[in-house]
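The entries below follow the order in which I checked things.

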Amino acid sequence: MAIKLNPNKEIVDTIKEGLKRSGGYCPCRVEKTKETKCMCKEFRDQIKDPDFEGYCHCMLYFKSNS
């Protein structure tokens, strides 16, 4: 298993700028709670699933099973 940044630099730069503006909260979410603080709870839960492979909600991170 590996967690990597999205290889698309434009997406990464956009999301990182959104994280700066939101104080570290997922810029794709309206609510600002501990569950939406990057790396969000949704993706942390997905990481725990051995069968999950894919991007987090905002597409900043990618979990690879290979």
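I began with what lies over the buried residues of α1, and found that β1 (2-5) is among the elements that cover them. I keep in mind throughout that this is a predicted model.

Next I listed the buried residues of α1, which are Val 12, Ile 15, Gly 18, Leu 19 and Ser 22. I noted that they span an arc of only 130° around the axis, so they fall on the same side of α1. Turning to the face directed away from that buried side, I found the exposed residues Lys 9, Glu 10, Lys 20 and Arg 21.

I then checked the length of α1: its 14 residues should span 20 Å at 1.5 Å a residue, and the C-alpha atoms at its ends are 20 Å apart, which agrees.

Asn 8 caps the N-terminal end of α1, with a side-chain oxygen 3.0 Å from the backbone nitrogen of Glu 10. After α1 comes Gly 23, for which I read a positive phi, near 75°.

Finally I turned to the largest nonpolar core, which has 11 residues in all, including Val 12, Ile 15, Leu 19, Phe 43, Ile 47 and Cys 58. I saw that α1 (9-22) and α2 (41-48) each supply at least two residues of this core, and that the largest share, 3 residues, comes from α1. Leaving aside residues up to four places away in sequence, I found Cys 58 touching Ile 15, Cys 26 and Cys 28.

Note on methods
Residues numbered from 1 in each chain as written. Predicted model: local features only at pLDDT ≥ 70, side-chain atom pairs only at ≥ 80, totals over all residues. Heavy atoms only, no water. Core = buried A, V, L, I, M, F, W, Y, C linked by side-chain atoms within 4.5 Å. Buried < 20%, exposed > 50% of the residue type's maximum accessible area, 1.4 Å probe, protein only. Helix = DSSP H or I, 4+ residues; strand = E, 2+ residues; numbered from the N terminus. Contact = heavy atoms within 4.5 Å. Expected span 1.5 Å × (residues − 1). Arc of directions from axis to C-beta. Polar contact = N/O pair within 3.5 Å; in protein donor to acceptor, adjacent residues only side chain to side chain.
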